[in-house]
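Visitor: Could you take me through the salt bridges of this model and where their partners sit?

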Amino acid sequence: MKLQETRRYELLSLFIALVFALTMYPTKAQAQIVGTLEVDVPFQFHVGNVKLPPGKYNIHVLDNTDLTVMEISNTDGSSSALFEVREAEAKTEPNKSELIFSKYGNRYFLDKLFDESNPSGSAVIKSGYEKNMAQGAAEGVERVPAHHRGS
């Protein structure tokens, strides 16, 4: 009986130590665009495997996706795409919300999204098509300002 009781206290102590250790070292917060971003993209572009026309778009994180899936849809509802994202860090804190596109030749691919004053953003997971296009050096980067809906 005493051996079981001692073992129970050891397990309880270990559990308490584990909980304490986990609270001492919190995990880094996931990248997230809060709310809905509005953007006016002046050129045709690719998101994942979808090609979208120039126009005004709304972008938001889909609920119940652990912040890993976003949706972009134009304001008239005629075009949309779902795409996967991962966490991205800006080199400096962005002074405005923006979308960053990679440009290969005359093709643009949505690459990253950042909220104003938040260096943690979202990077779009590259599609097979973009990986093929990127085998040559990227010609450039295009930044398009965005803002939150209603602001």
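**Salt bridges and their surroundings**

Guide: Buried residues, meaning those under 20% relative accessible area with a 1.4 Å probe and protein chains only (exposed is over 50%, partly exposed in between), make up 34% of the 151 residues in the chain. This is a predicted model, in which local features need pLDDT of at least 70 and side-chain atom pairs count only at pLDDT 80 or more, while totals for chains, interfaces and linings use all residues. Residues are numbered from 1 along each chain as its sequence is written, and side-chain values use heavy atoms, with hydrogens and water left out.

The structure holds four salt bridges, a salt bridge being a side-chain nitrogen of Lys or Arg within 4 Å of a carboxyl oxygen of Asp or Glu. Asp111, Lys112, Lys126 and Glu130 are linked in a network of such bridges. Within it, Asp111 pairs with Lys126 at 3.4 Å, N to O; Asp111 lies in strand 8 (residues 107-114) and Lys126 in the loop between strand 9 (120-124) and helix 2 (128-133), so the pair ties together parts that are 15 residues apart in sequence. Helices (H or I, at least four residues) and strands (E, at least two) are DSSP runs, numbered from the N terminus. Lys126 also forms a salt bridge with Glu130, with the closest N and O atoms 3.6 Å apart. Lys126 is partly exposed at 33% relative accessible area, whereas Asp111 is buried at 11% relative accessibility and Glu130 is buried at 3%.

Another salt bridge joins Glu98 and Arg143, whose closest N and O atoms are 2.7 Å apart. Glu98 belongs to strand 7 (residues 98-104) and Arg143 to strand 10 (residues 140-148), so this pair connects parts 45 residues apart in sequence.
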